[in-house]
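This report walks through a protein model for a reader who wants its computed features with their cut-offs stated.

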Amino acid sequence: MRLRRLPAALAALLAAAVIAPAGAQGPSLEELIARARKRDADAEYTLAMMAYEGRGVPRDPGQALRLMERAARRGNLDAQNALGFFLQHGVGGNPNAARAREWYAAAAERDHAQAQVNYGWMFQEGLGGPRDAAIALLWYRKAAAQGSAEGEFNAASLLERGADGVAQDAEAAAEGYARAAKFGMPLASYRLARMLDEGRAAKRSDGTAFERYLAAAQDGIAEAQAELDKPATQYRFALGLAPVAAVPWLRKAAAQNHVPAQLALAIALEEGRGTSANPVEAFQWYLKAAAADDPEAHFRLGNLYDQGIGTAADTVKARDHYARAVALGHPGAKERMAQLVGRGFPAPDFGNPFKGLR
């Protein structure tokens, strides 16, 4: 098929050009058009991308498609991959998945890594031809071998869940996600974090589930941010951190009414673990946890009331919190109650353990 010359269209690009700022890098629009008129595929590809993106010229998808096909037919690999994308997504014309698949194949077979990923995707999804997960995995791995993060990620995704012709392999998936994350793909960090968190991958030396979630969240992955916003997750990960690092996460979870986090934060504040001792604040968090009938919180409130630490001494309240802790099965509360009664203070009415609470 002969290539259609486009002198008028190229001239239109020049006429509509936006003046580039002084000192702009790279060849000028006039130079690119002059080279394209001489059938320079690289210039045609660059002009096609400019028309597609509206960079330096008004955006014109139809012109972009025509120029991209010229460059692709002259053998430019980037153009062949981009033409596949244009045809797949209907840029400048109607979508044509079968033709898109052909152009992806042309570039993929000449080792264009992104085209290999795209060609694999066409097989994975059955676009423009038969669905075949095994062939998709083959092309993803070819791209990954060239350092493609997307190739690593797509291969890992297939291996994580398995598909017709692809056996599920959690460890291989975890390794793939780790490599993709190393290549700079934050979503891979999230996927690996999820596998580690759920026990579907062995512990690794290159990052815990929490560290992977945190890295992905900092890189803007919404799923990771949502996971780290859950109080149960905040509490669970805080337990595995050094005290100084744990306290901020305990505060996040406690503020969302997570009772175990409220208790753990109160203990840290009372005993000065990972933060300055603050029995007054500790007392407030114990009250919140005790309102949910946590036995340890009742027991520790009894201690604080008995000793007048973090609050005014109040033997009646101490007795009644101990009594509630006993009723909830706290193992040390009976002994403390006995000590209190041994000092001549009357035993509580166990039928009404909240009698002195106010």
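## Nonpolar core

The largest nonpolar core has 102 residues, of which Leu 47, Met 68, Tyr 177 and Tyr 286 touch the most other members; such a core is a set of buried Ala, Val, Leu, Ile, Met, Phe, Trp, Tyr and Cys residues joined through side-chain atoms within 4.5 Å. Buried here means under 20% relative accessible area, exposed means over 50%, and partly exposed lies in between, with a 1.4 Å probe and protein chains only. The model is predicted, with local features needing pLDDT of at least 70 and side-chain atom pairs counting only at pLDDT 80 or more, while totals for chains, interfaces and linings use all residues. Residues are numbered from 1 along each chain as its sequence is written, and side-chain values use heavy atoms, with hydrogens and water left out.

Leaving aside residues up to four places away in sequence, Met 68 touches Tyr 45, Ala 48, Met 49, Ala 79, Ala 82, Leu 83 and Phe 86, where contact means heavy atoms within 4.5 Å. Leu 65 belongs to helix H4, residues 61-73, and is buried at a relative accessible area of 17%. Leu 65 and Gly 90 are 25 residues apart in sequence, and their C-alpha atoms are 9.5 Å apart in space.

## Overall make-up

The protein chain comes to 20 helices and zero strands, these elements being DSSP runs (H or I of at least four residues for helices, E of at least two for strands) numbered from the N terminus. Of the 358 residues in the chain, 44% are buried. Among contacts with a separation of 6 or more, 48% are made by residues 24 or more positions apart.

## Second largest pocket

About 290 Å³ of space lies in the second largest pocket, the volume being the space filled by probe spheres set on grid points that are joined across faces, edges and corners. A pocket is an open set of points on a 1 Å grid over the protein atoms alone, where a 1.4 Å probe fits, with protein on both sides within 12 Å along at least five of seven lines, and lining residues have an atom within 4 Å of a point.

The second largest pocket is lined by 14 residues, of which Lys 203, Thr 208, Ala 209, Phe 210 and Phe 237 are the closest to its centre. H11, helix H12 (209-218) and helix H14 (231-238) each give two or more residues to this lining, and H12 provides the largest share, three residues.

## Salt bridges

The whole structure contains 23 salt bridges, each defined as a side-chain nitrogen of Lys or Arg within 4 Å of a carboxyl oxygen of Asp or Glu. Glu 160 and Arg 194 form one of them at 3.3 Å, N to O, and the pair links distant parts of the chain, with Glu 160 in helix H9 (residues 149-161) and Arg 194 in helix H11 (residues 186-197), 34 residues apart. Glu 160 is buried at 10% relative accessibility, whereas Arg 194 is partly exposed at 23%.

Asp 40 and Arg 35 also meet in a salt bridge, at 3.2 Å, N to O; Asp 40 is partly exposed at 23% relative accessibility, and Arg 35 is partly exposed at 31%. A network of salt bridges links Glu 270, Glu 271, Arg 273, Glu 296 and Arg 300.
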